[in-house]
Structures are given as C-alpha cells and as structure tokens.
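Dear colleague,

Please find below the structure that I am handing over to you. My notes on what was found in it follow directly after.

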Amino acid sequence: MASERKPILEARGISKRFGAVQALEDVDFEVYPGDVVGLVGDNGAGKSTLIKVIAGVYHGDEGRIFFEGREVNVSGPGDATALGIETVYQDLALCDNLDVSANLFLGRERTRSIIPHLLQVIDETAMEHEAERIVGELHVVIPSVRSKVATLSGGQRQSAAVSRAVMWNSKVVILDEPTAALGVEQTRQVKDLIRRLRDRGLGVVVISHNLADVFDVCDRIIVLRLGRRVSTFDTHATNAEHVVAAITGAEFGPTDVGKPEGREAV
Amino acid sequence: MKSANKESPSQAAIPAGSGEQPASLIARLTGSLAEVDIGSFPVILGLILIAIVFQIANSHFLSPLNLANLMVQICSVGTMSVGVVLVLLIGEIDLSIGAVSGFCGSVMAVLSVKSGMPAPVAIGAGVLTGVVIGLFQGFWIAKMHVPSFVVTLAGFLGWQGALLYTLGSTGTVDLADPWLIGLVNARLPVWLGWLVAVLFIAVYVFSGLSDQRRRIRAGLKTTSSNWMIARLALVAAGVLAAVGIMNVDRSFTRVPIQGVPLGVLVFLGFIILFDFITRQTRFGRSIFAVGGNPEAARRAGINVDRIRILVFTLASTLAACGGILAGSRLLAVNQSSGGGDILLDSIAAAVIGGTSLFGGRGTTWAALLGALVIGSISNGMDLLALSSYIKFMVTGVVLLLAVTLDAYARSQREKSGR
C-alpha cells in the first residue's frame, strides 16, 4: 500500500508566518502518484497557505520540498508549473469572453509561420484539434471546444479549468474547493473527472469543506488544525465523525497524529 | 459524446467532426459570417435601412459622387475609432483621442508649413508624437494605477492646450505640400483600384479556403462548402462593387474625377491590419484575455501591464493618424481640429459597430460599420439641409437603439448556448 510507494511530491517541516500569525508550523505533506489526497481543516487551518507554498505563490519560512525524490526550490509559480505541479484555484481563472480552446491554451497558444522567422499567427486548427482530444480523453461534456466559457455551466467550467491544468504534462494537480457552488449533477461530473486523473497516474490534492465529497473521491485525508497537521486517515478505514473530531480538536478515541508512515525510515 | 446537461435539455450536443451546422437559418447564416462579429448583423441591416430612407428622401444619396464623399468623410473618425476598439477591448476608455488627433495634426502641419519639412518627415513626426503620448498615458495608467478615465481626461485638456500652443497666434495652418494634400484626396488610377481589389479578394479567398482545408485535414467540424462559397462571393461582390462605384466618373464637368481616394485605402488598410493583429496573433489574443479577465490573463503568464501600455500607445498613434488624415482632408489644421463631436463620434462608432463597453468583445470592422452609420446620418442630413439639432438627436437615438439591439441579440444567443 502507501508505504511501498514513493511520493511524487513531498513537503517536510513547512512553516509560514504572516506577521503575528503562524499560518503553518512544521507541516509535512505528501502526494503519491495515482492517489487522491483530501486536505481538510476548518477556516484558518492553513490549507490554502500550504498549497500556495507548494505552488510557489508563497515562500515557506522553513521546510523543504521534494519532487520525484529530488529536493527542489519552488520560488515562483513558474517553478511549480515547470515541475508539473498545476493548481486550480477557486476562481478558476477562465476568460468568459473566450472559447474553451482559447482558455486551454491561454498564454501558450500554438502558432504557425506565415513568413518563416518573421510572422507567426495563432494556429487555431491545431489548438482546436488538441483541445477536442483532451476534452474527449477526460470525458468532459461540453457542446463544443468553440463554446464561449460564459455559456458553460459551473461544472463544465470547473472541468475546463481542470482540463487546462492536466494537459501540460502535469504530474500533480491541486484543486481548491472544486465542488463548492456546484449542484449535485455537476459535482458528480467533477468527481468523475478527479477519478480519471487518478487513473491516469496523477497525484491529486483536493481541498474541500464537503466531507461527503472527500469521502467519495479521496483515498487519504490529511487534517490541518491551527497550522499544524494533526491527523492522517485512510478513507476506507475511518468515518466522518473521526475526521470532524480531528478538524475541531474534540477528543474522540485514538487518532493518527502527525507523521506519515515511513518518514522515520528516510 | 453524451448530450450537454444544463438549462436547455432539448439542446443536443453537436458531435465532434460531424460537419453539420445547427438547423435554423439565422444560426447558419451568422455561423458562416463568423469572421465578422455576429453582433454586427443588426447594424448592417440598420445601415441598409438608413441608405434606403435617405435615398428616398434625396435621390443623390446613393450617387457615386456622394458615396465617394462619404467614404472620404469617415476615414479620419474611422481610423480613430479603430484605436477606440482596441481600448474598449481591454475594458478601458480613452477620452484624449480627439485632442491627440488635433495636436498631432498640428505638429505635422507646422513642421511642413512653418519649418518647410518634407511630407514624410512631417507625417512621421506627427505619428511619433502620437506614439510618445500613448506610451506616456499608457504608462501612467498601467504603472501608476490611475484610472484611464482620469489620465485620458487630463490628456483631453492638456493636448488641446498643446494644439493651441503649436498653432500659435495665427490659429490656422493651411497645408501647401501636395503630398500632404494628396494623402487623403489623391485618387488611385482606375486600374490600380481594381488591382488592389482583386489582390484583396485573392488573399481573402485563399486564406479562407486553406483554413477550410486545414480543418478538414485535422478532422474538425467545418462550415458547409455552400455557405463558405456564398460568404466568399458576398465579400468579393461587396469589394468589387465598392471599388466600382468609386471608379465611376463622378464629375459634373468634362474633367473626369474617378478612382479610389487614397484616404479610404489608408483607413481600410488600418482596419485590415488591426483585424489581423487582434484575431490572429498572440498579442491580439492577450488583448481579449486582459479584457475578459485580467487576473486569469496574469496567471496564464500574460504581462497585463505591458498589454495595457501597448494598447494605449496604439490608440494614441491611430488618433495621430486620424488627425493627419483630417488635416489632409480639410487642407488645414486649426484650433477646432480634433474638437467638437470627433471624440464622441469615434467612441459611438466603435460601440454602434458592436464593441462592448465592458471589454473582451469586438472587432475592428466595428469601426468601419459604426463610422458608416454615423457618417451616413451626417451626410444624408446635410444633403437634406436639415438643421444640426436633428442630426444630433437622430445620431443619439441610433446609438441607443444599436447598443440595445446588440445587447438583446447577444443575450438571446447566450441563452441558446452559442
């Protein structure tokens, strides 16, 4: 099981302070390929801060990050993306006035030469073809990759944002509250998509307040409370009450505290 | 593919690669006219309506002489309107374009008349002044974070002062250089007009067909070849008709006056150039992204500040070009150059043609359509010798109607998921 696999992304001893607030203290975090880990905790527990440190938006005060076993320095979002770590934030960062294909390739448009070395134009055909392929592979249901994003439903927009995160050779995908503000059917679409990412061998991190969704789609659950990692759960071996207890700090029988299996051995 | 599951369950998803278009006639027509912004469709109808109304009121409206005059009349405001489209696309506004056009026109005029500079130098200096002004205003907006409304309003006042200063005590500078006078008014020889038209049509048809071929090779959905041919034929016919009308001898004397005025070619050249830039280059795509969601653009790696600075630079440069064209048409630059309704006409033209005030939507052809609408109303009313107040009121009503219709049509389209 988990202890036999090597994590694709590992953070050790991450600490981050904002002025008087210790947002994170000595937090370890690991993501395995083909594994969906849920990151849960109350407001202010440090979930967003942790993934922003991993994604290079913040710089941790202390701690080290390892990717595929090698220590790396993630000093900016570009570093994270270059490694293959993609993040989908809650606002999705989609342009409503552009179509799905344009959004998938935003900032990285394919071009072709009209005059060699002098004039490059956007290669709409290649991008559309590629977009259709990605969308088909991930079984994302949209009318067309030429649909303007403004015309898509919440679940379709989320799926489009996730598709964009996946298509650039990413190895780890972090989703911040992917099902908040989505209806039942759309939540189902997004959860199916998350499972497909796992089946493709990606490591997936899901931040969510919705424990039902977390239990439905995650293999492991890591609980943060007040900036510290307090529990790790195997989804199949626990239930919501234990997780809630860890989130709120209530005493409720034995809980798994702190370090993941196998850390001492390293 | 399963059918899309949202508000309209009756809307079946179009399977990829099927080569079929949605059934309704309007959908097919607008889908095939997708090169031009779909929102322009009601404006084109409005333009036809205006033409019919004025032709009935005054049979000279659609005469070759009047139509050629109309095209020359709109080339200055139209050029400035292209700059307005760019600024509106990123969701900003530029209130200084009128004053910039007047000031840069005066730089050209003064250098030519008072300093005796040759025409290319005078024109170059005028355009360069626009570039510098645009860089300055763009920098102030993007880096100093002062709203574009305020910066360009300050420009509106400041560059007007600069115009008065440059013109000096005489207040008017009459152009004498034949190249400057000819910039707008010179007429292409008839054969050259036809040649340019044929070249344009050839490039248009070629790019349309090769695009179609590439899509077929990639296995993508394509517009049916009937509609493709119809669209190409329509555009070709339009271009040939326009050149033909301008090549007809429109003189009342025995001295023939015929040929496409150079100013019209310059104006259309700007439209085609910036249409290419906005729709076919990564820079243009970035403009749409910044207009749609600046934060998303930033996260995608687009330098939002740089885009803003460049757009305002282009707007002021095009305003300078408009001012130079206006000076050439009027054969002079005076204290009212760039003033009056020119600012609002440029903005109204862009908006009437289908550009959204909120950013992210529009094409440069909107500048052509809007300028034609405003120009036709003005021209038609002049033919009917109507008072100015009627002109203002009608233009105001047309602007209101055009934007309302466009907003309505757009909301209908969005409901049906297109």
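**Two helices of chain B**

In chain B, residues B:Ile277, B:Thr278, B:Arg279 and B:Gln280 of helix 10 meet B:Phe283, B:Gly284 and B:Ile287 of helix 11. Residues are in contact here if their C-beta atoms, placed from the backbone, lie within 7 Å; helices (H or I, at least four residues) and strands (E, at least two) are DSSP runs, numbered from the N terminus. By class, this contact of helix 10 with helix 11 of chain B has three nonpolar, three polar and one charged residues. Ala, Val, Leu, Ile, Met, Phe, Trp, Tyr, Cys and Pro count as nonpolar, Asp, Glu, Lys and Arg as charged, and the others, Gly among them, as polar.

Please note that this is a predicted model, in which local features need pLDDT of at least 70, side-chain atom pairs count only at pLDDT 80 or more, and totals for chains, interfaces and linings use all residues. Residues are numbered from 1 along each chain as its sequence is written, while chains are lettered from A and ligands numbered from 1 in the order in which they are written.

The axes of helix 10 (residues 262–280) and helix 11 (residues 282–292) of chain B come within 5 Å and cross at roughly 75 degrees. That makes helix 10 of chain B roughly perpendicular to helix 11 of chain B (a term for angles of 65 to 115 degrees). Axes are lines fitted to C-alpha atoms, for helices over the stretch in contact, and angles run from 0 to 180 degrees between N-to-C directions.

**Chain B as a whole**

Chain B contains 16 helices and two strands. Of its 418 residues, 43% are buried; buried denotes 20 or more other C-beta atoms within 10 Å of a residue's own, exposed 12 or fewer, and partly exposed the values in between, with C-beta atoms placed from the backbone. Among the contacts in chain B with a separation of 6 or more, 77% are between residues 24 or more positions apart.

B:Lys143 is found in the loop between helix 5 (119–142) and helix 6 (148–167) of chain B. B:Lys143 is exposed, with 11 other C-beta atoms within 10 Å. The C-alpha atoms of B:Lys143 and B:Arg308 are separated by 9.5 Å, although the two are 165 residues apart along the chain.

**Where the chains meet**

The contact takes 26 residues from chain A and 32 residues from chain B. On the side of chain A that touches chain B, strand 8 (119–122) and helix 4 (124–137) of chain A each supply at least two residues. The largest share of that side, four residues, comes from helix 4 of chain A.

**Chain A: a helix and a sheet**

Twelve of the 13 residues of helix 5 of chain A are buried, so this helix is largely enclosed by the rest of the structure. Its buried residues pack against strand 6 (85–88), helix 3 (100–104), helix 4, strand 9 (172–176) and helix 6 (184–199) of chain A.

Six strands of chain A form an open sheet in the order 6-9-10-3-11-12, with mixed pairing; two strands pair if DSSP finds at least two bridges between them. Strand 6 and strand 12 (228–234) of chain A stand at the edges, each with a single partner strand, so one side of each is left without a neighbour in the sheet. Strand 6 and strand 9 of chain A run parallel and are joined by four bridges. A:Ile85 has A:Val172, in strand 9 of chain A, as its bridge partner.

With kind regards

Methods:
Parallel < 35°, antiparallel > 145°, perpendicular 65-115°, else oblique.
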